[in-house]
Structure formats: C-alpha cells, structure tokens
Amino acid sequence: MFAVLAFAAAWGMGSPPPAEPIGDHANGFRDVSRQWLQRRGLLAGVPAYDPENETPAAFAVELETHCGLERGAGLQPLDGGEFAVRPRASADRVTIEPFLCLIYAFTASNAMDHGLRLGFLSEPPPASGRD
C-alpha cells in the first residue's frame, strides 16, 4: 500500500532493481498518506522538494526532521534520486511510528513528481549464536 518502489537485500542482491512506476495509483497513495499524517497532526509542514534549490539529500534531512528523527537516522540517499528507508537508532529498540511517518511524508510530498523514489534496504539478521 505504501509507495515502496524498490527492494534489495544487502546480502548478495547488489543494487536495488529498477523502481516500478506506480502510475495511476500515485494519487491514491498520496491521499492515504495525507490522511495518515492528518490523523496524527503531521500533515502541516510536510516538506516540499525544490530541486532547483536543494539536493535530494537535503530533502531527506527535512523529512527526517519533520518525523522527529535525527539527521541520517531514517533515510539513506542512493544514486539517481532514490532513497532507502534504513533505520539507524542510538537505542536498543526502534519504534516504527517515525519510519511510517517518513514513508507517508515522502509519499504525501511532491517528491515523486520530481522523480525521487523510495525503497528499502535490508541486512541479514545478526548472528544469534543459536543453530
């Protein structure tokens, strides 16, 4: 349901596959995202991407800040206007709400209108010592 357009696993898949266009579904994703943000009081102030005055990386920082995360704590800029949701936490546990906010704020913004894309990178789970 989210505007998740590219997935890759860091353990051998290499680069993310090309993003699949969401075409006619873009407005539906945007509407759902705006509703989610509105219910939580987060719709006002969703950053708008201005490609003439900021880099995609600067826009990522604006989104993180809007969602209550520290710079670099949620989005990893990739090549070609792609971003990966990549949680970085200083605590032992990470709550999902700020990362849902990132996904919904990205989708509610004008980022996709300017060719920016969002996806996920994953890492293999840490060794638990159990077999």
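These legends walk through several close-up views of a predicted model. Local features need pLDDT of at least 70 and side-chain atom pairs count only at pLDDT 80 or more, while totals for chains, interfaces and linings use all residues. Residues are numbered from 1 along each chain as its sequence is written, and side-chain values use heavy atoms, with hydrogens and water left out.

**View A. Tyrosine 49 and phenylalanine 59 form a tilted ring pair.** Rings of Phe, Tyr and Trp (its six-membered ring) pair if their centres lie within 6.5 Å; planes under 30 degrees apart count as stacked, over 60 as edge-to-face and the rest as tilted. The count by this rule is three aromatic pairs. Here the ring centres are 5.3 Å apart and the planes meet at 55°, so the pair is tilted. Tyrosine 49 sits in the loop between helix 1 (26–39) and helix 2 (56–66), with phenylalanine 59 in helix 2, so the pair ties together parts 10 residues apart in sequence. Helices (H or I, at least four residues) and strands (E, at least two) are DSSP runs, numbered from the N terminus. Are these two residues buried or exposed? Tyrosine 49 is buried at 8% relative accessible area, and phenylalanine 59 is buried at 0%. Buried means under 20% relative accessible area, exposed over 50%, and partly exposed in between (1.4 Å probe, protein chains only).

**View B. Phenylalanine 83 and phenylalanine 106 pair edge-to-face.** With centres 6.0 Å apart and planes at 70°, these rings count as edge-to-face. Phenylalanine 83 belongs to strand 3 (residues 82–85) and phenylalanine 106 to helix 3 (residues 97–108), so parts 23 residues apart in sequence are tied together. Both phenylalanine 83 and phenylalanine 106 are buried.

**View C. Arginine 30 reaches aspartate 113 in a salt bridge.** A salt bridge is a side-chain nitrogen of Lys or Arg within 4 Å of a carboxyl oxygen of Asp or Glu, and the count by this rule is three. In this one, the closest N and O atoms are 3.2 Å apart. Arginine 30 is in helix 1 and aspartate 113 is in the loop between helix 3 and strand 4 (117–122), 83 residues apart.

View D. Arginine 40 is partly exposed at 37%, and glutamate 97 is partly exposed at 37%. Glutamate 82 is buried at 13%, while arginine 117 is partly exposed at 26%.

**View E. The largest nonpolar core has 26 residues.** A nonpolar core is a set of buried Ala, Val, Leu, Ile, Met, Phe, Trp, Tyr and Cys residues joined through side-chain atoms within 4.5 Å. Leu37, Leu75 and Phe106 have the most contacts inside this core. Helix 1, helix 2, strand 3 and helix 3 each give two or more residues, and helix 3 supplies the largest share, nine residues. Beyond its neighbours within four places in sequence, phenylalanine 106 is in contact (heavy atoms within 4.5 Å) with residues including Phe59, Leu63, Phe83 and Leu118.
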